[in-house]
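Please examine the sequence and the structure below before reading the briefing.

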Protein chains: 2
Amino acid sequence: MKSDENLLSQLVQAFKILPGIGEKSAQRMAFYLLEKNREGGSNLAKLISASVEKIRNCSSCRNLTEDLICDICGDDRRDKKIMCVVESPTDVLAIEKSGSFKGKYFVLMGRLSPIDGVTPQDLGIPKLVSNIKSSEVQELIIATSPTIEGDATSFYIKDQLSENNILISRIAYGVPMGGELEYVDNTTLGRAIQGRREIN
Amino acid sequence: MKSDENLLSQLVQAFKILPGIGEKSAQRMAFYLLEKNREGGSNLAKLISASVEKIRNCSSCRNLTEDLICDICGDDRRDKKIMCVVESPTDVLAIEKSGSFKGKYFVLMGRLSPIDGVTPQDLGIPKLVSNIKSSEVQELIIATSPTIEGDATSFYIKDQLSENNILISRIAYGVPMGGELEYVDNTTLGRAIQGRREIN
């Protein structure tokens, strides 16, 4: 008698670990699977298990992959002379979707945050530095987030590579396309003015 | 090489079956589990599998349970003379939390909707009628949702039980506690006026 409530409420609690999911959403998810889509639930469970077991970090760029080397690192058609440093695999997806970058990546899996105990080692920055030293990379584009931690991470990486003769750039932060100045927040506007470029 | 992208994107697609989850949220969930909480992911997968396999409908009230009979139906301390009909197990949880009902339940697992092909049989209404006939129930409280389908379901159930000598009531729908009239929608306000009660 007792265990049934437990299994159901354990399931609800388990859904609550997902980002952005509170008690009500977790309940809706659990009941949805049990009432409407048990097959989808089984499939989801199988895929979570398989992913957690098989997906690891690329031994070169740290992106998520099932193999030793990820698809992008293993693709010889990509430009080896330019590398983009991002905070997370979702950033890689976003940049890939934009179609504006054909080089290699390095995925930090986070950003420097002394308060949370996130060190350069945690972000694989020593590995990034040695990767670059033993590579043909000529430009490193840093695409960390426009936050204090993202800025600190960017400066730290630039500092670590100061002795290497490569161009280090950072993506432009400013007013988004289609954004009306009136509705853009002050920090973004400040960044946009700071990052102004001469009109040719 | 190919399969790694597939497993990850399959996982993202699998998360999208959950209610209210689109592409971006599904991505966030998949990456969160893989980057931050693999243990939580394994646990979630195990609980989904176990739940989908073990949780079934109570043979008496149709609520979700691991056993033949759910906790509430099996609890002799609850009032057998009053029964509440709800649309879903979450409604049972909500009413139980309110602490305002100590009787039995019957869970329709939906509401009448000819357009979606939801028939009285799908909602177990024949079973509800026979349950009531063979029980000590004296009052049936219908707590279906205040929607056209919820209303239709309520009327249909009342009609099916017209020959039984039991009181059939429906919960009050009106202005919620703490709600300011100004911000209450027209339909709710209409229901509140329609459902007005004499002040004693």
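Chain A of this predicted model has a radius of gyration of 21 Å, whereas a compact globule of 200 residues would have one near 16 Å. The radius is taken over C-alpha atoms, and the globule rule is 2.2 Å times the number of residues to the power 0.38. Along its principal axes, the C-alpha trace of chain A spans about 70 × 45 × 35 Å.

**Conventions**

- Residues are numbered from 1 along each chain as its sequence is written, while chains are lettered from A and ligands numbered from 1 in the order in which they are written.
- In this predicted model, local features need pLDDT of at least 70, side-chain atom pairs count only at pLDDT 80 or more, and totals for chains, interfaces and linings use all residues; side-chain values use heavy atoms, with hydrogens and water left out.

**Overall build of chain A**

- Chain A contains 7 helices and 6 strands; these are DSSP runs numbered from the N terminus, with helices being H or I of at least four residues and strands being E of at least two.
- From the N terminus on, the order of the elements in chain A is α-α-α-β-β-β-α-β-α-β-α-β-α.
- Chain A is divided into domain 1 (2–54) and domain 2 (77–167), with bounds that come from an automatic or database domain assignment.
- The C-alpha centres of domain 1 of chain A and domain 2 of chain A are 35 Å apart.

- Of the 200 residues of chain A, 42% count as buried (buried means under 20% relative accessible area, exposed over 50%, and partly exposed in between, with a 1.4 Å probe and protein chains only).
- Among the contacts in chain A with a separation of 6 or more, 49% are between residues 24 or more positions apart; a contact means heavy atoms within 4.5 Å.
- Chain A carries 25 positive and 27 negative side chains, and the centres of the two sets lie 2 Å apart. Lys and Arg count as positive and Asp and Glu as negative, while His and the chain ends are not counted; the place of a charge is NZ of Lys, CZ of Arg, CG of Asp or CD of Glu.

**The loop between β4 and α5 of chain A**

- L123(A) lies in the loop between β4 (104–107) and α5 (125–133) of chain A, and L123(A) counts as buried because its relative accessibility is 0%.
- Beyond four places in sequence, the residues that L123(A) touches include R62(A), F106(A), L112(A) and T153(A).
- L112(A) is found in the loop between β4 and α5 of chain A and is buried, with a relative accessible area of 11%.
- L112(A) and T153(A) are 41 residues apart in sequence, yet their C-alpha atoms are 5.3 Å apart in space.
- M109(A) also lies in the loop between β4 and α5 of chain A; its phi is near 60°, a positive value in a residue other than glycine.

**Two residues of chain B**

- L11(B) lies in helix α1 (residues 2–15) of chain B and counts as buried at 1% relative accessibility.
- Leaving aside neighbours within four places in sequence, L11(B) is in contact with L44(A), L47(A), I48(A), S51(A), A30(B) and L34(B).
- R62(B) lies in the loop between β1 (56–57) and β2 (64–65) of chain B; R62(B) is buried, with a relative accessible area of 17%.
- The phi of R62(B) is near 75°, a positive value in a residue other than glycine.
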